[in-house]
Amino acid sequence: MSARVPLRGQLAALGAYHSLQVDAEVRLNTNESPYPPPDAWRRALAEAVGDADFHRYPDRDATELSRAIAALHGVRAEEVFCANGSNEVLQCLLVAFGGAGRRALVFEPTYALHPHIAGLTGMEVATELRGDDLRIDPDTWPAAIERSHPDVVFLCSPNNPTGRLEDPGVVAAIVDAAPGLVVVDEAYGQFSSWSALTLRDLSGGAEKTGGDGTEGLVVVRTFSKTWAMAGARLGYLVADAEVVAGCRAAALPYHLSVQTQLAGVLALRYEDEMTERVQKVAEARAQLAQGLGELDVETWPSDANFVLFRPRGKDAHGVWAALLADGVLVRDFSTRAHLEGCLRVTVGTPKENERFLEALAAALR
Ligand code: PMP
């Protein structure tokens, strides 16, 4: 440690969160879309950026973008908060509603950034294990909430890295029972058949004024996966207006650049193309799952754009390394608690999936 000021204790203990960025012929490790966004969007964005007033600060509340997202989900613009990727959305949310002296509850194994960002803000993190099927166990979550009395509960549906969709009844019951906020991270939401946004709709959607038991619900989404825009860095949450106001207070002034706001507004004009891409990925996921089913690996059903698998009777890290040597990069979870021996592969193009399956068959031999 050479810095004059030591790292804050929390950070030193947490370490950094990194997904390996190395050159590989087939990159299936970070759940990106294998397809680029539509050409027409790219042209429209180039034109809009060409005309933008770059000598002025951007709209601090991203009003047009928030309105467009609100229209997409049938809520009010005051119920939408946008930031640079859903990770920054979560960071603003926890700066506003987390912090020292407060507690988060996560159901492991889940997205590592949830406890990580909670810890960064100084929150204490309580952990409950998922059931054998890697979904939240309907028999154990009530006691976990009772015990930890969390200010913020993190759900992730479909869950990264397991791919499992949570039971809608369980999510609704947790929203009802939790004393504080319930964050449902739906980074992969459009790949699945159910969204927690329907809980808001059921309770009155745009007309809702709160006080009906769902005012703690926070649904987080991203443009990185289903919108094929990971490079644009744009995510958002849908929640009650008071929660959104808290996030806006916590965000830095003008945090969302002119070009990011334009990218989002214009993307929403290409919803059909996005849906088409999601459809293609969902079909390729079935191809991938079937291919994995023919190999000596354990897998779990996925509602997302990736599949978790565990090579049987093989050193998983060795399999990961053999895949990389063969030009295929997947995510190595083999030493992560509760995911021992597991790897995760992102759904690619049919050709990339074939390459992966061939390389995996060879690595398992
Ligand atoms: N939530 C989940 C569950 C994720 O898997 C990811 C990306 N790995 C994110 C949030 C963050 O996505 P982004 O910051 O690109 O919006």
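Reader: Where do the domain bounds fall in the chain?
Author: In this predicted model, the domain assignment gives domain 1 as 9-37 + 272-364, and domain 2 as 39-270.

Reader: And how many Å apart are the C-alpha centres of the two?
Author: The C-alpha centres of domain 1 and domain 2 are 24 Å apart, and the contact involves 33 residues from domain 1 together with 38 residues from domain 2.

Reader: What area do they bury between them, and what percentage of it is on carbon and sulfur atoms?
Author: About 2800 Å² is buried between domain 1 and domain 2, and carbon and sulfur atoms carry 64% of that area.

Reader: Switching to charges, how many salt bridges does the rule find across the interface?
Author: The rule finds 1 salt bridge across the interface of domain 1 and domain 2.

Reader: Which residue forms a salt bridge with R336?
Author: That residue is E108, and the closest N and O atoms of E108 and R336 are 3.8 Å apart.

Reader: On the domain 1 side, which elements each supply at least two residues?
Author: On the side of domain 1 that touches domain 2, these are α1 (9-14), α11 (271-293) and β10 (306-311), with α11 giving the largest share at 7 residues.

Reader: How do the residues on that side divide by type?
Author: The side of domain 1 that touches domain 2 has 17 nonpolar, 8 polar and 8 charged residues.

Methods: Residues numbered from 1 in each chain as written. Predicted model: local features only at pLDDT ≥ 70, side-chain atom pairs only at ≥ 80, totals over all residues. Heavy atoms only, no water. Domains from an automatic or database assignment. Contact = heavy atoms within 4.5 Å. Buried area = accessible area lost by both parts, 1.4 Å probe. Salt bridge = Lys/Arg side-chain N within 4 Å of Asp/Glu carboxyl O. Helix = DSSP H or I, 4+ residues; strand = E, 2+ residues; numbered from the N terminus. Nonpolar A, V, L, I, M, F, W, Y, C, P; charged D, E, K, R; others polar.
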